[in-house]
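This briefing walks through a few local features of the structure shown below, grouped by topic.

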Amino acid sequence: MVLVVKQYRCTHSASCLCLKGHISEDALFLVFRHMNWNPRMIALFSCVSKWFDDIAKRVLWKEFCHARAPKMMQDLHSSGSHIVDGNWKALGKLLIHCAGCTKGGLFGNIHVPGHFVFRTRFSRTCGKSILPPQCRTDVLYVSDPCEHLDQGEEGDLGFFRGIFKSFASSKVKKMLIEKQAKFHPKEVALLKTGL
């Protein structure tokens, strides 16, 4: 009589090579909550496998955003709005990353590399003050400026990051379309999706 070793099959994918399955999502949730939703750990975890990346996009980045900006998240989801659904990773990056600028862009020959920011605060009031008067009923959350000091002829630069609530139906979007504003190809895609 030959003893057969029990084969474990991973439940998340028929093509997965793991033999004993993965740790449960509940356990991962507890581990990352204990780490205070550390964005660098979430990013590293996302690189392990497609399954881990899916969990990070669906659960971990969402919890990170809710932990770092709870009032903003509540407002973005009020009135049945689902602006962020499926884009938690992008919103998480918006909360912690300054994109900087490249040469030949808005600031001419200035190049400021992208970087992580230590602390970010988003303000609805600041967003309202940036909008043109005819668009002040739109809701725009804007970060405190990320300051880049002594940038040559340009002097000090401050970069803002922001997100609209219901951009698809905003007066700003309508105004940009009416003025036939030209956008970078990536920005056009974002305008079409409403982000």
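In this predicted model, Ser46 touches Asp53, Ala56 and Trp61, leaving aside residues up to four places away in sequence. Ser46 has its place in helix H2, and with a relative accessible area of 11% it is buried, because that value is under 20%.

**Around Ser46**
- Between the C-alpha atoms of Ser46 and Leu60 the distance in space is 9.7 Å, while the two residues are 14 residues apart in sequence.

**Helices H3 and H5**
- The axes of helix H3 (residues 50-68) and helix H5 (residues 88-96) come within 8 Å and cross at roughly 40°, and H3 and H5 are therefore oblique to each other.
- The crossing in which H3 passes H5 is left-handed.
- On the H3 side, Asp53, Lys57, Trp61, Lys62, Phe64, Cys65, His66 and Arg68 meet Trp88, Lys89, Leu91, Gly92, Leu95 and Ile96 of H5.
- Sorted by class, this contact of H3 with H5 comprises seven nonpolar, two polar and five charged residues.

**The largest nonpolar core**
- The largest nonpolar core holds 27 residues, of which Leu60, Phe64, Met72, Met73, Leu91 and Leu95 touch the most other members.
- At least two residues of this core are supplied by each of helix H1 (25-34), helix H2 (39-46), H3, helix H4 (70-76), H5 and strand E4 (139-143), with the largest share, nine residues, coming from H3.
- Met72 touches Leu91, Leu95, Phe122, Tyr141 and Ile163, again not counting residues up to four places away in sequence.

Notes: Residues are numbered from 1 along each chain as its sequence is written. This is a predicted model: local features need pLDDT of at least 70, side-chain atom pairs count only at pLDDT 80 or more; totals for chains, interfaces and linings use all residues. Side-chain values use heavy atoms; hydrogens and water are left out. Axes are lines fitted to C-alpha atoms, for helices over the stretch in contact, and angles run from 0 to 180 degrees between N-to-C directions. Helices (H or I, at least four residues) and strands (E, at least two) are DSSP runs, numbered from the N terminus. Angles under 35 degrees count as roughly parallel, over 145 as roughly antiparallel, 65 to 115 as roughly perpendicular and the rest as oblique. A crossing is left-handed if the near helix is turned anticlockwise from the far one by less than a right angle, and right-handed if clockwise. Contact means heavy atoms within 4.5 Å. Ala, Val, Leu, Ile, Met, Phe, Trp, Tyr, Cys and Pro count as nonpolar, Asp, Glu, Lys and Arg as charged, and the others, Gly among them, as polar. A nonpolar core is a set of buried Ala, Val, Leu, Ile, Met, Phe, Trp, Tyr and Cys residues joined through side-chain atoms within 4.5 Å. Buried means under 20% relative accessible area, exposed over 50%, partly exposed in between (1.4 Å probe, protein chains only).
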